[in-house]
Amino acid sequence: MYLSRFLSIHALWVTVSSVMQPYPLVWGHYDVCKTQIYTEEGKVWDYMACQPESTDMTKYLKVKLDPPDITCGDPPETFCAMGNPYMCNNECDAATPELAHPPELMFDFEGRHPSTFWQSATWKEYPKPLQVNITLSWSKTIELTDNIVITFESGRPDQMILEKSLDYGRTWQPYQYYATDCLDAFHMDPKSVKDLSQHTVLEIICTEEYSTGYMTNSKIIHFEIKDRFAFFAGPWLRNMASLYGQLDTTKKLRDFFTVTDLRIRLLRPAVGEIFVDELHLARYFYAISDIKVHGRCKCNLHATVCVYDNSKLTCECEHNTTGPDCGKCKKNYQGRPWSPGSYLPIPKGTANTCIPSISSIGTNVCDNELLHCQNGGTCHNNVRCLCPAAYTGILCEKLRCEEAGSCGSDSGQGAPPPGSPVLLLLAALLGAASPLLL
């Protein structure tokens with residue numbers, strides 16, 4: 001009885017765990033770049049694809065507003081409460097901390113009451129458009145891993161565009177359009193991300209889902225990253241191999257989720273009705289209490305650590321790669337063209353490690369990582385292989401009797417074992433190697 005009860009509880013726990021765990025363990029997190037394993041030749045390094053953990057990227061951004069003087073409070077002004085557009089006794093004053101609403105309040109700790117938020121000047125210059133560009137810059141390529149979420153303290157704007165840049169703000173492409181009337185605002189039919197598919201996932205859409213004016217319980221605007229992932233990985237993102245396969249082989253898809261900068265273009269504030277109330281222009285403004293951007297440094301699957309130093313993000317590159325994004329091979333490790341790592345095969349991927357250049361082999365004969373001494377040889381100070389008596393060569397890859405021409409059935413020495421991939425690279429060097437290394 002107790003055994004059957006235990007098995008029932010265990011089965012229930014397995015079921016509940018499978019439902020609660022949206023990211024199965026089998027596809028891994030790619031949080032290790034290399035590990036030591038034991039082979040017939042001893043302890044060696046096994047390399048694998050790796051990437052930094054996903055994190056809150058707003059901790060590392062710089063924000064710029066255009067026009068630069070669009071923030072309220074200089075000079076001080078009054079504005080109307082969001083819930084009651086005719087209660088216009090709220091004050092914004094940049095010189096008084098408790099009444100100021102600077103841009104950094106879009107990224108501070110949430111949960112305080114009352115909420116902290118950035119706020120624009122009011123629409124006092126109507127009918128001139130009240131428009132604001134909010135640019136978020138990382139000076140580094142990042143990969144988005146979760147939804148972009150913008151929380152408004154004002155009504156959500158009637159018209160807005162989210163844009164991205166892949167070249168540090170030199171050029172911009174739309175990510176998504178938002179409007180109360182997509183056809184009128186942008187000449188686009190309204191859609192939601194649910195209307196997309198694997199084949200149309202890169203389509204730029206206009207949505208009316210997040211533009212509802214002054215509804216006090218509707219403050220949030222999303223750009224849905226995970227819903228787009230789900231077209232390949234399933235609704236619980238369980239089939240990550242499918243998503244990773246697409247990211248590996250489809251550059252346009254990979255670039256879609258990659259940015260150096262984001263720009264929020266606020267084009268028309270929440271009006272709430274057809275006509276602007278020109279007698280109460282202080283009720284029209286933008287206010288944002290929080291922006292969430294989750295992602296990771298793009299390191300081309302060659303690093304697990306991204307450091308933030310001197311206001312700059314940089315990958316700590318492994319696999320003999322270098323550069324801000326680990327986008328090239330280190331000096332003396334250009335024996336084959338640089339390549340990004342690969343997520344596949346699950347769960348470790350493929351490191352695509354940079355290997356030594358032919359011209360550099362003579363000065364760094366062995367390193368116990370990529371260039372192993374063969375046939376029981378040992379690496380001495382990365383300068384030479386100490387070979388067993390029967391072997392010679394840069395990596396102890398040749399039978400000594402071969403040089404003397406005395407290898408035969410009575411020599412006690414058979415043919416050398418098949419060469420490793422590294423030896424194929426070194427074959428051209430054997431005649432030109434320095435005698436000091438033999």
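Guide: Start at Asn147. Leaving aside residues up to four places away in sequence, Asn147 touches His222, Phe223, Glu224, Ile225, Lys226 and Lys292. Contact here means heavy atoms within 4.5 Å.

A word on the model first. It is a predicted model, in which local features need pLDDT of at least 70, side-chain atom pairs count only at pLDDT 80 or more, and totals for chains, interfaces and linings use all residues. Residues are numbered from 1 along each chain as its sequence is written, and side-chain values use heavy atoms, with hydrogens and water left out.

Now place the residue. Asn147 sits in the loop between strand E8 (132–144) and strand E9 (148–152). Helices (H or I, at least four residues) and strands (E, at least two) are DSSP runs, numbered from the N terminus. Asn147 has a relative accessible area of 18%, so it counts as buried. Buried means under 20% relative accessible area, exposed means over 50%, and partly exposed lies in between (1.4 Å probe, protein chains only).

The side chain of Asn147 makes polar contacts with two backbone nitrogens. That of Ile225 is 2.8 Å away. That of Lys226 lies 3.0 Å from a polar atom of the Asn147 side chain. A polar contact is a pair of N or O atoms within 3.5 Å; within protein, one must be able to donate a hydrogen and the other to accept it, and residues adjacent in sequence count only if both atoms are side-chain atoms.

Next, look at the sheet. Four strands form an open sheet in the order E7-E15-E9-E13, with antiparallel pairing. Strand E7 (118–119) and strand E13 (220–223) are at the edges with a single partner strand each, so one side of each has no neighbour in the sheet. Strands pair if DSSP finds at least two bridges between them. E9 and E13 pair in the antiparallel sense over four bridges. Thr151 has Ile220 in E13 as its bridge partner. Strands of a sheet pair through backbone hydrogen bonds, either parallel or antiparallel.

A nonpolar core is a set of buried Ala, Val, Leu, Ile, Met, Phe, Trp, Tyr and Cys residues joined through side-chain atoms within 4.5 Å. The largest core has 60 residues, and those with the most contacts inside it are Trp118, Ile134, Trp138, Leu266, Ile288 and Ile291. E8 gives the most to this core, with six residues. Take Trp138: beyond residues up to four places away in sequence, its contacts include Met57, Tyr60, Leu61 and Leu313. A second, separate core of nine residues includes Cys366, Cys373, Ile394 and Cys396.

Cys396 also brings us to the disulfides. A disulfide is a pair of cysteine sulfur atoms within 2.5 Å. The structure holds 10 of them. One joins Cys387 to Cys396, with S to S at 2.1 Å. The torsion about this S-S bond is about -90°, so the disulfide is left-handed. Cys387 is partly exposed at 27% relative accessible area, whereas Cys396 is buried at 0%.

For a right-handed example, take Cys33 and Cys50, with 90° about the S-S bond. This pair links distant parts of the chain, 17 residues apart. Cys33 is buried at 5%, and Cys50 is buried at 0%.
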